[in-house]
Amino acid sequence: MINYFIGIIKRKFIFKTYLKKKYLILENLNSELLIKFLGVKDTEVVSLRSEINIFLVFKLLFSLKRFNQINYYLESIKQIDPKKIITNIDTNPNFYKLKRYFPNKTFISIQNGVRIDNTFKNEKNLKCDLIFCHGFKDIDFYKKIISSSVIPLGSLKNNDINNYYKKETNCISYISQFREVDEKNSISHFLGKDFKGVTWGDYIKSEKKLISTLYKICQKKNIKLYIVGASFNSLKEKNWYVKLLNSSDINFISRNRLTSSYDFLKKSKITVCMHSTLGYEFLARGKKVIFFSRNINNLNKINKKIQFGYPFIKKTRGFFYTNQISEDQIIKLISNVEKISKINWSTKIRNIKKKIMIFNYK
């Protein structure tokens, strides 16, 4: 309860009345990309995660309705009267409960990250008109729990960025998954109830091992390793890696804008990552990507769900992916993808990338 009130206090308070618009985007994640297609004049964004509109709160109070997310969304739809309601937060079950109140409006959800089976655990009667997912493997995931049409589109952000680069950099790049989270904190709030009792420290243990081992291998073999930052707090993130690797001599690519990771990884010869949406996006682009799966406290039930390509790929090891983090395995996979020609690589990943992630530029 205390965390709930702290979350409210941290949000921005505004007072804004709304005009009728053709489109309403619920929550502002990637909303700038959607507005590029839909048009500023025709689109309104309502984001309860970042701000609270006192006008909507008053409307709820005068109607004797509770202030909660569903009622807030419903009131915003009532005020704006859009034809289409869109969200980029595809994991919010409340979005899929809105259709029953407005059966004649069109509800559209866009996948923004890797999904596992327990995302909507214990939720029922969820509805949507259209869900755009990353790849063909995701169709069954959504259809099992949400009554909706599902179309593979790829990643909205990835599709907005071209695949052009002048010259490939002869290096290995690691996709950072750094988060400003205390290692003692539970991760069940963002990965689901199956992860109850699992801490952030448990979750990143495999990652720490991978980064440390990869760093030593690159030093021994005189390979240039770049760490591609995930956080806009670049100083804190870089210091975390300096401490982990016990060295200030690291090549760190700061995330100073939304596309900086993409701009660097496009020209990287080989990319290494854990269970990463960005890794999947670059596999979809045809780039050479090596995937490692986490081992969380030897809990096979949940480790299975976060392995590469789940549930489409059944094997735990392949030409460019593995669930074992060791010096031998890292060297083996680097050798595999380094030696294979780009034509043969494209052939090898063709069916896999279609299932996992599509790249649809523009």
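**Strands, sheet and a packed helix**

Strand E6 and strand E7 (residues 126-133) run parallel to each other, joined by three bridges. Across this pairing, isoleucine 108 sits opposite leucine 130 in E7. The model shown here is predicted.

E6 has another partner. Strand E5 (residues 84-87) pairs with E6 over four bridges, and the sense is again parallel. Here lysine 84 faces threonine 106 in E6. E6 itself spans residues 106-110 and is mostly covered. Of its five residues, four are buried.

Now move further along the chain. Six strands make up an open sheet there, with parallel pairing. Read across, the order is E11-E10-E9-E12-E13-E14. Which strands lie at the edges? They are strand E11 (251-253) and strand E14 (321-322), and each of them pairs on one side only.

Strand E13 (residues 289-292) pairs with E14 through two bridges, in the parallel sense. Phenylalanine 291 has tyrosine 321 in E14 as its bridge partner. A helix also packs on this sheet: H8, residues 200-220. Helix H8 touches strand E9 (169-175), strand E10 (225-228), strand E12 (268-273) and E13. The direction of H8 makes about 160° with that of E9.

How confident is the prediction, and what is the mean pLDDT of the protein? The mean is 91, and 95% of the residues reach 70 or more. Residues 1-6 are another matter, with pLDDT below 50. Beyond near neighbours in sequence, this stretch has one contact in the model.

Note on methods:
Residues numbered from 1 in each chain as written. Predicted model: local features only at pLDDT ≥ 70, side-chain atom pairs only at ≥ 80, totals over all residues. Heavy atoms only, no water. Pairing = 2+ DSSP bridges. Contact = heavy atoms within 4.5 Å. Axes fitted to C-alpha atoms, helices over the stretch in contact; angles between N-to-C directions. pLDDT = per-residue confidence, 0-100. Buried < 20%, exposed > 50% of the residue type's maximum accessible area, 1.4 Å probe, protein only.
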